[in-house]
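I am opening my notebook on a structure that is new to me. I will look things up one at a time and write down what I find.

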Amino acid sequence: MSLKRVVITGMGALTPVGNDVSTFWKNLVAGVSGAAPITRFDAEKFRTKFACEVKGLDVHNYIPRQEARKMDPFTQYAVIAADEAMKDAGFDADTLDLDKAGVIWGTGIGGLKTFEEEVMNFAENGKTPRFNPFFIPKMIVDSASGVLSIRYGFRGPNFITVSACASATNALIDAFNYIKLGMMNVCISGGSEAAVTIAGVGGFNALKALSERNDSPETASRPYDKDRDGFVLGEGGAALILEELEHAKARGAKIYAEMIGAGMSSDAYHITAPHPEGLGAHIVMRNAIENAGIKPEDVDYINTHGTSTPIGDPQEIKAIEKFFGEHAYKLNISSTKSMTGHLLGGAGAIEAAACILAIRDGVIPPTINHFTDDPEINPRLNLTFNQAQKRETKIALSNTFGFGGHNASVVFKKYED
């Protein structure tokens, strides 16, 4: 059986730096930070009082009120991003084979706000069990893919991947492989997260994972900077339409890029910390490059996991230098988390979109907020500090790593018939 080729024919985004793909990309290239004081709840007593929230969003402009009230925000974000992606892809619903169209979505936490509200209401009401009848359907992580499947009538594979911060990338990998194997023609894939909540911020504070730079939120996410002190929590999501090449060509679809490879690995080391030598990161990039059938020196750009944590950033850099050798110093490397914050399970989707747009436009988005060189990080590396750089980009790699040692990488290429 010959394997199918997979292309990207639609994109949608809802992010801390833009509520659609165009605005998201414009602000990434301009180096705009999405970090600001938290508005979702009163964070005065928290060690971290800021996050990268979605801004200026009225959900009811996108989803009718009666439908929206049955969805946790992470599902609402999925719907808004997927609607943009579906419109962008320009499907003719009358000719689309719905039995061969699916939804594979990613989230790391799912309906945290819903769970938090229901439990707090239970406690505040004298522990009287007056739970919302939509509590369970709103909370469970598979609600996003189920809602999207129902919304578009897609009857193919429909499920959620959960691998912490690698979730959305794992969703893209599953969609890629299902289409390659001929099990689907079309898939809505990506990821979303809505963890800027009391429990989300409090929990990550307890782990000492978040930046506490409350005096300067907009500069708090500073990947690869000597004075980085933790990640900035983000929210939102992105959707990509993955499509079998011949199916896309037959309907005259525009093609953003081709997805050519994917890799997965495990650190097998620690529940939260990365391997100190970046072993799992090295393995996952090797697996992705081998799966894509290319050489390491073919890669032009890496969108790194780059969370701005003291121990995470150097390990990924070690892995890049070890795997790419001398070519590491010819790459453009950047962390767009410096602008969007860390969307946890949704991160891989918006970062895949950034790679695709870098290929389309020949522009590498920057790593902003670089002030002080880290002596642990080789200055020969081009980490695209503070300003976007023009570069013809034919192949881009996106890395995502999750608590538990989950590693996932995807490779995109400029489309050539």
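In which segment is Leu3 found? I looked this up with the caution that the model is predicted, and I found Leu3 in the segment before strand S1, which spans 6–14. I then checked its cover and noted that Leu3 is exposed, with a relative accessible area of 52%. I also saw that Leu3 belongs to a nonpolar patch on the surface, formed together with Met1, Leu181 and Met183, and that the accessible area of these residues together is about 460 Å².

Next, the record. I read in UniProt, in an unreviewed entry, that the feature "domain: Ketosynthase family 3 (KS3)" is placed at residues 3–414. For this span I noted 33% helix and 18% strand, and I found that its end C-alpha atoms lie 19 Å apart.

I went on to the sheet. I traced 10 strands that form an open sheet with mixed pairing, and I wrote down their order as S5-S4-S6-S7-S1-S8-S14-S13-S9-S10. Which strands stand at the edges? I found strand S5 (158–161) and strand S10 (332–334) there, each with a single partner strand, so one side of each is left without a neighbour in the sheet. From one strand to the next, I noted a twist that averages 25°.

I reminded myself that the strands of a sheet pair through backbone hydrogen bonds, either parallel or antiparallel. With that in mind I looked at the pairs one by one.

How do strand S4 and strand S6 run, parallel or antiparallel? I found that S4 (residues 101–106) and S6 (residues 186–193) run parallel and are joined by six bridges. Within this pair I saw Ile104 standing opposite Ser189 in S6.

I then returned to S1, the strand that follows the segment holding Leu3. On one pairing, I counted eight bridges between S1 and strand S7 (residues 236–244), in the antiparallel sense, and here Ala13 stands opposite Ala238 in S7. On another, I found three bridges that join S1 to S8, again antiparallel, with Glu258 in S8 as the bridge partner of Val7. I asked how many of the nine residues of S1 are buried, and I noted that nine of the nine are, which leaves S1 mostly covered.

Then the backbone angles. I recalled that most residues other than glycine have a negative phi, and I looked for residues that depart from this. I found Ala268 with a phi near 50°, a positive value, in the loop between strand S8 (257–266) and helix H10 (279–292). Ala268 counts as exposed, at 74% relative accessibility. I also found Asn386 with a phi near 70°, again positive, in the loop between strand S11 (363–364) and strand S12 (389–390).

My last entry concerns Ile320. Is Ile320 buried or exposed? I placed Ile320 in helix H11 (residues 312–324), and I found it buried, with a relative accessible area of 0%. I also compared Ile320 with Leu331, and noted that the two are 11 residues apart in sequence and 10.0 Å apart in space, taken from C-alpha to C-alpha.

Definitions and conventions
Residues numbered from 1 in each chain as written. Predicted model: local features only at pLDDT ≥ 70, side-chain atom pairs only at ≥ 80, totals over all residues. Heavy atoms only, no water. UniProt positions renumbered as here; feature names shortened; annotations may be inferred. Helix = DSSP H or I, 4+ residues; strand = E, 2+ residues; numbered from the N terminus. Patch = residues over 30% accessible without salt bridge, like charges linked within 9 Å, V, L, I, M, F, W, Y side chains within 5 Å. Areas by Shrake-Rupley, 256 points an atom, 1.4 Å probe, with all protein chains shown as cover. Salt bridge = Lys/Arg side-chain N within 4 Å of Asp/Glu carboxyl O. Buried < 20%, exposed > 50% of the residue type's maximum accessible area, 1.4 Å probe, protein only. Pairing = 2+ DSSP bridges. Axes fitted to C-alpha atoms, helices over the stretch in contact; angles between N-to-C directions.
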